[in-house]
Protein chains: 2
Amino acid sequence: MPFELTILGSSSATPTYNRHPTAQVLNIRERFFLIDCGEGTQTQLVRYRIRYNRISHIFISHLHGDHYLGLMGLLSTMHLQGRTSELHLFGQQELMDVIELQLRLSQTVLRFNLIFHPVKSYTSSVIFEDEDLTVRTIVLNHRVPCTGFIFKEKPKPRKLLINKMKQYNIPFKHFTRIKNGEDYEDDFGKIIPNSELTVSSGKPRSYAFCSDTLYEEQVADEVNGVDLLYHESTFMHELLERAKATFHSTCIDAATIAKKGMVKKLIIGHFSARYKDLSPLLAEARTVFPTTELAVEGCRFIVSEKNS
Amino acid sequence: MPFELTILGSSSATPTYNRHPTAQVLNIRERFFLIDCGEGTQTQLVRYRIRYNRISHIFISHLHGDHYLGLMGLLSTMHLQGRTSELHLFGQQELMDVIELQLRLSQTVLRFNLIFHPVKSYTSSVIFEDEDLTVRTIVLNHRVPCTGFIFKEKPKPRKLLINKMKQYNIPFKHFTRIKNGEDYEDDFGKIIPNSELTVSSGKPRSYAFCSDTLYEEQVADEVNGVDLLYHESTFMHELLERAKATFHSTCIDAATIAKKGMVKKLIIGHFSARYKDLSPLLAEARTVFPTTELAVEGCRFIVSEKNS
């Protein structure tokens, strides 16, 4: 089952011709989560062939325009295209004020149920949970209230080897316990070790999205060990003072969080429009954390079940 | 001096990969007027090399998202790029509610002076006037309050032929009257006709923008004789009932307004996403009004001083 991130936008607030503002789609087991929704996201979704109706949950990190100005247009298009399935929206309370005002002015009553989940920006909390995964916020440090999001699959029971169940004639009533890792003792007192009866369902996979933020060391703890970390790196480190003044991070900052957090892969993005060529940013981040990649639009980052 | 319209967006509310929502730039004598500002307008401006800072006035026809959702991002980028020159914004009062809310939430105080001019949607009125031109609203009939805009150059005084001034030894004090079309009588009572002393500065040029609307016959009177008329034509005429139900026009509607209004050229746009190939829309409009063109993104429509 997929765990796959698609980059839709990678620029910071000032758009460039080739880069769009922040937006990403995370496909976890064929459920599609949209993370941030900068201007033009609906067009980017079309470009990368992600159908609007597959998106069930939208997460908005903060209320700077380059992270949410595409939302109203996307909702409107979903409405015009006849969406009826409910849509869950997570963001700060005031986000809904903007949406409600714009809906009222356009005299639009959405055809689908938009379920809003207000997010607190000052404390980390679980904002979504079901049998497969949890989503927890990460407190970030930006000029306005801002949260990251960490998506974690829950551990799955081990997979039974059906031929072994037959071979040892194991009754159905034992299956759940064996799935949960127990050994099996047959009627003659012989112990069959769980490792002979099952295989792993794969380790739970995880993705952390750290939107606009100053370098904050405790973020490394929160993202500890994730498979994939997106961390903004608006500037090269030579512009550290500019980064601090605008509450942003440099490539070195992002890579340091990745290194301290012992994540498996880092993706950097939210590049300042001053950088036409992004290779120096990548090279700089890799001096600290070699398994770094650029958030290039259209790129897909896949976390395998096996390799996790 | 130019009088030139550039199309930035031509789709209706549901965007397609190749077409953007409504936005146009009108360059009148090197003053740049932005008309509507759908999502992605700032990127389109970059694409067609129109610098943001040249735009001095923005006109928003109505508060459906496909006509204004690019505005907040554009204002934000102008701010981030350090604009200091004032910007005049024309639109319905509630437009400013949206902008003020979004500025407040992003904790942004614009570096430039945004001067808002509320527009009444129920009556036609002059909303802008200076020595060169006037802009008047056109009352349209859409699902929400909606106005078109008609830009008209003012008549210019005739140009003096300086060699004739010298030849007839005409004193400077007579120049203004001659520019205004008077003949000249010399000291011996000889009449020199104005046509020998001056040339025309060109007829005043005009452009009418008719945004989303049902077919409304009186619009033809308002746009009478303009050089260039943009009139929405969301649908082919076979979808007339759909057009009526959604308060839009067909190609035949638009062409009929152009014909009754005796305009010089018609531009049709705001095409439904269902039309991948636009040539049937053009062909249909031309059955009624032959000098029709499509609003294709990047196209420029020039009204010459001489030919007007």
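Modeller: What follows goes from the pairing of the chains to their interface and then to the cavities.

This is a predicted model, in which local features need pLDDT of at least 70 and side-chain atom pairs count only at pLDDT 80 or more, while totals for chains, interfaces and linings use all residues. Residues are numbered from 1 along each chain as its sequence is written, chains are lettered from A and ligands numbered from 1 in the order in which they are written, and side-chain values use heavy atoms, without hydrogens and water.

At the interface, 33 residues of chain A are in contact (heavy atoms within 4.5 Å) with 31 residues of chain B. Because 94% of the interface residues of chain A are also interface residues in chain B, the copies meet through the same surface. About 2800 Å² is buried between the two chains, and carbon and sulfur atoms give 62% of this area (accessible area, 1.4 Å probe, lost on being put together and summed over both).

There are four cavities of 30 Å³ or more (sets of points on a 1 Å grid where a 1.4 Å probe fits but cannot get out, lined by residues with an atom within 4 Å of a point). The largest cavity has a volume of about 110 Å³, and of the 16 residues that line it, Leu69(A), Gln102(A), Leu69(B), Val98(B) and Gln102(B) are the closest to its centre. Its lining divides into 14 nonpolar, two polar and no charged residues.

The second largest cavity holds about 90 Å³ of space, and the residues lining it include Ala13(A), Glu39(A), Asp66(A) and Leu69(A) from chain A, as well as Gln42(B), Gly73(B), Ser76(B) and Thr77(B) from chain B. The lining of the second largest cavity divides into four nonpolar, five polar and two charged residues (Ala, Val, Leu, Ile, Met, Phe, Trp, Tyr, Cys and Pro count as nonpolar, Asp, Glu, Lys and Arg as charged, and the others as polar).

Note on methods: On a 1 Å grid over the protein atoms alone, a cavity is a set of points where a 1.4 Å probe fits but cannot get out, and a pocket is an open set with protein on both sides within 12 Å along at least five of seven lines; lining residues have an atom within 4 Å of a point. Grid points are joined across faces, edges and corners, and a volume is the space filled by probe spheres set on the points.
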